[in-house]
Amino acid sequence: MTIRVGFTGLGVIAQYHINALSKMPNVELVGVHDVQQDKAQEVAKATGAKAFESTDQLTDPDIIDALFVCTPQFARDDTDVMAASQGIHVFAEKPLGLD
């Protein structure tokens with residue numbers, strides 16, 4: 001079974017996770033999103049993933065099984081809650097909080 005992974009937030013920490021996951025045989029990076037669309041396109045090209053223009057598009061259980069949320073707290077919306085409510089497993093890189 002292959003786990004289909006998506007990322008939102010593609011800063012330095014996300015790159016560590018992407019590099020580690022790329023070494024796992026049963027993990028496929030299928031989608032990425034970042035507010036800097038050029039960054040998403042760059043990562044997508046390097047990894048073979050698809051760049052999404054919004055997290056709404058990315059957080060579809062037909063596309064991903066797990067979502068890495070690597071955005072800073074101040075830039076977070078309800079992406080993690082939305083993904084979890086659809087049965088997508090969520091890894092939140094930063095501690096959860098209001099600010």
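Guide: What follows goes through the sheet strand by strand, then turns to the helices beside it.

This is a predicted model, in which local features need pLDDT of at least 70 and side-chain atom pairs count only at pLDDT 80 or more, while totals for chains, interfaces and linings use all residues. Residues are numbered from 1 along each chain as its sequence is written, and side-chain values use heavy atoms, with hydrogens and water left out.

Five strands form an open sheet in the order β3-β2-β1-β4-β5, and their pairing is parallel. Strands here are DSSP runs of E with at least two residues, helices are runs of H or I with at least four, and both are numbered from the N terminus. Two strands count as paired if DSSP finds at least two bridges between them. In general, strands of a sheet pair through backbone hydrogen bonds, either parallel or antiparallel. The edge strands are β3 (50-51) and β5, each of which pairs on one side only.

Start with β1, residues 3-8.

T8 counts as buried because its relative accessibility is 4%; buried means under 20% relative accessible area, exposed means over 50%, and partly exposed lies in between (1.4 Å probe, protein chains only). The side chain of T8 makes a polar contact with the side chain of H33, at 3.1 Å. A polar contact is a pair of N or O atoms within 3.5 Å; within protein, one must be able to donate a hydrogen and the other to accept it, and residues adjacent in sequence count only if both atoms are side-chain atoms. Leaving aside neighbours within four places in sequence, T8 is in contact (heavy atoms within 4.5 Å) with residues including H33, T55, L67, F68 and V69.

Next comes β4, residues 66-69, joined by four bridges to the parallel strand β5, residues 89-92. F68 stands opposite F91 in β5. A66 and F68 point one way from β4, L67 and V69 point the other way, and all are buried. Together, β4, helix α4 (residues 79-85) and β5 make a right-handed β-α-β unit. Right-handed means that, with the strands pointing away from the viewer, the path from the first strand over the helix to the second runs clockwise.

Now the helices. H17 is in helix α1. Leaving aside neighbours within four places in sequence, H17 is in contact with F7, F68, C70, F91 and E93. The C-alpha atoms of H17 and F7 are separated by 9.5 Å, with the two residues 10 apart along the chain.

In helix α2 (residues 37-47), the buried residues are A40, V43 and A44. What covers them includes α1, β2 and β3. The face of α2 turned away from its buried side carries the exposed residues D38, E42, K45 and A46. After α2 comes G48, with a positive phi near 85 degrees.
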